[in-house]
Amino acid sequence: MVAAAAAAAAMRKSRRSSKNSDRLEQEIAENPAANEDVEEASGGGEESQPSDAASLSEDEGSQGSPVDSEEENGEVSDDEDHRSGEESDSSEEEVPSRNTIGDVPLEWYKDEEHIGYDVAGKKIKKQARKDRIESFLAGVDDAKNWRKIYDEYNDEEVELTKEEVKIIGRMLKGKTPHAGVDPYAPYVDWFVWDDKGHPLSNAPEPKRRFVPSKWEQKKVVQYVRAIRKGLIKFDKPKEEPRVYLLWGDDSSAAENKRHGLSYIPAPKPKLAGHEESYNPSVEYIPTQEEINSYQLMYEEDRPKFIPRRFESLRSVPAYEKALKENFDRCLDLYLCPRTRKKRINIDPESLKPKLPSRKDLRPYPRTCYLEYRGHTGPVKTISIDVSGQWMASGSSDGTVRVWEIETSRCLRVWNVGEAIKHISWNPLPELPVLAISAGHDVLILDTGLGNAEEQARIKELLHVEESKPEEDGSTPVVSWVQDDKYDCIRLKHLKAVTTVEWHRKGDYFTTVVPTILIHQLSKKHTQNPFKKLHGLPVSAVFHPTRSIFFISTKKNIRVYDLLKQKLVKKLETGVREISSIAIHPGGDNVIVGSKDGKMCWFDMDLSSKSYKTLKTHPKDITNVAFHRSYPLFASCSDDCTAYVFHGMVYSDLNQNPLIVPLEILRGHTSSDGRGVLDCKFHPRQPWLFTAGADSIIKLYCH
Amino acid sequence: MWAGNGPNIMRQDAGRGKKKEGNAAKYITRTKAVHYLQVSLSTFRKLCILKGIFPREPKKKVEGNHKTYYHMKDILFLAHEPLLEKFRDIRAHKKKVKKALARKNRDLADRLLNREPTYKLDRLILERYPTFVDALRDLDDCLTMVHLFAALPAVEGERIQVERIHNCRRLSHEWQAYISRTHSLRKTFISVKGIYYQAEVEGQKITWLTPHALQQVLTDDVDFNVMLTFSEFYVALLGFVNFKLYHSINVKYPPILDPRLEALAAECRNLFRNFKIFLSREVPRESLLFVIPAFGGVVSWEGDGSPFKESDEDITHQIVDRPTQGHVFLSREYVQPQWVVPPPHLSPFVDNEAEGYIPEYAETIKRLQSAAKKQVLPMPGVESQGLDDPQTLLVEGIIDRTEANEAAEKKRKLTMLEKQYHDELNMELQGITYSTSLSNKNLQSSVENVKEDTMTTLEESEDLSKVSMSRKKRKLYEAMKIGQERKKDKIKLLKERKKNAEASKTG
């Protein structure tokens, strides 16, 4: 509406020149009087002719308003049309408006009583303002009120005629203001061309107008060639059937055969289980706590699908992860490496080796039969007399005890004063002598268990003359000294002695003082044959039948021939640190215990690698032992257990040794992180002695 | 052959004259493969998907552990693929069109667009699946994908073309029509994820999943390029498979699929023989329209084009899924949709025995089924002579093995008690005094002690035999044990939940 009013105002300005509008304005300007006139006119004679009105208005422009009159609009507009038609062309002169203040801001007159000045210079008084109710009522009464607009400049109300409204409408639509104007009228060439003499240009027609274009021809040739070559085709390519019988007969399958590598079909996706039903049984639905606990899980472990329950099929919603799951499957199909893997669908029990029943392998030590109590410190080492009657034990409390095995009676006690490291009976039955290593010394001690004749021989054997100092002045590695306290020989070493082992004939024995020394008891002589050793020696033992010597370093076992004085074999254990070694009475098999709880069985005829590695103990193995006659061997460890194995060695070289775990012997208690410190078999019975860190020695019998 | 012309690129880092051997020559990482083929990664992906080439796992990963390795032969296989050249052509063609458009050469652009290079996948399909059975074997994923796409909304932004979706719809309908007509549907399972179907075609079990007939949600964690490449291949494959299948039953391939005709032509021979079934408005029509004719029933539904109206007097069953029923016809039975599917709410794909747990519902259904077969079965708890031998029950296939074991255990205990009773009677008859019997008992108890002892030693022997296993076997054994333990835990959890649910119900 505002736009329309603006347009109207604009139009009014444009038409200000026309007489018609001026007349209108003038009429409106003298409104009060005119109104009366009109009322009179309307009241006076309705029969007053429109022609009358027209003539009247023509004659006296300021009188007789057609605007406010009650006459039919049509007639008025007709009348006006007619008039405007008459005058539009002719009237060009400026007709001033009622107000003459010019183009100045109207607010200058805001507070004045006049709005400006007329042509004569008289003030034009402001009209009295209609109050709202009045104007509203006037609007309600007057059907044409919507056409009235207020002209602020002249301070008057103007009513647009119907024609003017039409013009505004057309302008708003972007058409020409007058309906009669045709903007696209055919052009009429008013200029007369005939017989006018010269053409506009006198240039002759160029040659190119008559010669076919070379470039056009080239292009044509190009196209022709392209068409001939088939580069440009005009007919659409024939639609081939999209599907046809691809696998006509499978006889041609061989030639279709997939080239390249063998095809590994993708594993099929897992099919739905009961829990994926829309209404699964109660037991498949997790409780709220369980669902909450899923949040604490790792993302990989979290269940992908949480079963839910819906009352009816109607209420099942679309599965929101459908697309994602399908996409994941796609990724699996083209991104996951595929390999063929044999799936083993067997009972895990069948993986266990078929071992002979333990019942058939009896006798073997099973239960604790006797305890030997008396030591006050951890029993470090035990040794059994070859007759099987006596047992000697050495403890950290510095005592060596000899026990009668069958009665568990402590026969004798020697207090050496230093913690005993290792103890060993002489293997000769007629020579009941103990080799004891304690601190830097090795004692060769007479136990006094033999008869008088033997005793006398021992006494003679254990007598040592004061050694003269060496000629060359160098200190000997070992000095043989007579110990008066226990009437024994004391071998003083330069460093702490770890182990003492006798040769089978009872004359030689070896001590490990990081270096390896071999002593001869009869001659009181010591020699150091292994000048150069690879690795730190842990223990050394003699072969039970031949003149072969085993030295175990931390990693390997080195086997020397004592006669030829050279290295025979090197056994690679592969364990972290060897703790103990035992030789099978046959002499061809060796077991090695390690500090990482592994026990290795070596068949020396077979290989220099272990035949079998048994991971038995969780803690260090402290000692391993073979039985002299029964096919038994044992290991003991700091985890307070001892394992007993059946270890059968066959004389047939083609048959591998049979190793069967038999029993776990428990009973010792841990003390200061140590468990069982030593284990030895009885020489004749299938009995096992274990020495514990809890200062108890136990005998396990069958 | 490939050792000669293949590893040109390898020579760069190996140095001239030094030929790679073993895993280093056999396998190539993905980046190197892409460089070798001189294609973009996306094209490489597309090629791999279409050709069905997947990474391999070399024994020794020469280039590093976290890389994807392809076999060199596979890559050479791709290098000789005509499709590779075709993809290059298409790329070049797209450039031409773009250039023409940029130069406002509309003519050329139009002409070029008319002659867009296209490719077909028939040769590839034949190469990947030399026999029809091969194709059927690999059809599971194909069908699932096509059915999913058939339910997707066409989104231009995601480049899912309407045509593709219509194609998928058509193909899935054709497939279902074939399955339904040949009555080869075997198993159905309504799950939350959708409806699983299993059909047997030419001896191959094909399982697929159709989403519920609802608007699917498009998520943004999905790469549609990959999905579209897969669907492109699958659409082509299913087209050829359908053609072959229709050919085998002597039907012209693009078949006229009108459910009304189907209903009329339905051969009656199977489960729903002589059944005339009417589907109410609220039940999922599409899936039931597939299932019921597949089992030989005649179906109609409420809506346009239905073969017969609800008021038809011959209707034997009406499938409803609403709480209240307006007009109830007495001549027909009203059934919920899940009862159309073999065991409702239970997956037919689960081997209960292998799982080791049988839901109670399965047993109820079994009992109902056998009741329907007019076999009188004992209710649980009621023992009748002759039937309590678990072996016979097992033979009859009524109870499962686990149950049989339990029953056998129970029976053994009973017989033991019985024996004890008899022994006591005998003793009384023989006049043995109580004290002697006591001593006897002591003997027995000692024997029992020995037995217990053997039990403990048995446990120990388990430990011991583990000692003598090789490390490889021991680890395998332990892994298997863990698996078994997990399974047991799962069953335990189910049983516990069940117990809790029952307790809360009663208490």
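Q: Which residue does Lys481(B) meet in a salt bridge?
A: Glu349(A). This is a predicted model, and in it the two side chains sit at 3.0 Å, N to O.

Q: How many salt bridges are there across the interface of chain A and chain B?
A: The rule finds seven.

Q: And residue pairs in polar contact? How many between chain A and chain B?
A: 24, counting pairs with both residues at pLDDT 80 or more.

Q: Which one has the largest share?
A: α11(A), with eleven residues.

Q: How many residues are in contact overall, chain A with chain B?
A: 86 from chain A, against 107 from chain B.

Q: What area do the two chains bury between them?
A: About 8,900 Å². Carbon and sulfur atoms carry 63% of it.

Q: Which three residues supply more than any other three on chain A?
A: Trp247(A), Leu323(A) and Tyr334(A). Together they supply 10% of the area that chain A buries against chain B.

Q: Switching to chain B itself. At what angle do α11(B) and α13(B) pack?
A: About 110°, with the axes 9 Å apart. α11 covers residues 139-150 and α13 covers residues 224-248. The two helices are therefore roughly perpendicular to each other.

Q: Which residues meet there?
A: From α11(B), they include Leu139(B), Cys142(B), Val146(B) and Phe149(B). From α13(B), they include Met227(B), Phe230(B), Tyr234(B) and Leu238(B). By class, the contact has 14 nonpolar residues, one polar and one charged.

Q: What about α4(B) and α5(B)? How do their axes cross?
A: At roughly 95°, coming within 10 Å. α4 is residues 30-37 and α5 is residues 41-51. That angle makes α4(B) roughly perpendicular to α5(B).

Q: Which residues in α4(B) meet α5(B)?
A: Arg30(B), Ala33(B), Val34(B) and Leu37(B). They meet Leu41(B), Phe44(B) and Arg45(B) in α5(B).

Q: How many charged residues in that contact?
A: Two, along with five nonpolar and no polar residues.

Methods
Residues numbered from 1 in each chain as written. Chains lettered and ligands numbered in written order. Predicted model: local features only at pLDDT ≥ 70, side-chain atom pairs only at ≥ 80, totals over all residues. Heavy atoms only, no water. Axes fitted to C-alpha atoms, helices over the stretch in contact; angles between N-to-C directions. Helix = DSSP H or I, 4+ residues; strand = E, 2+ residues; numbered from the N terminus. Parallel < 35°, antiparallel > 145°, perpendicular 65-115°, else oblique. Contact = heavy atoms within 4.5 Å. Nonpolar A, V, L, I, M, F, W, Y, C, P; charged D, E, K, R; others polar. Buried area = accessible area lost by both parts, 1.4 Å probe. Salt bridge = Lys/Arg side-chain N within 4 Å of Asp/Glu carboxyl O. Polar contact = N/O pair within 3.5 Å; in protein donor to acceptor, adjacent residues only side chain to side chain.
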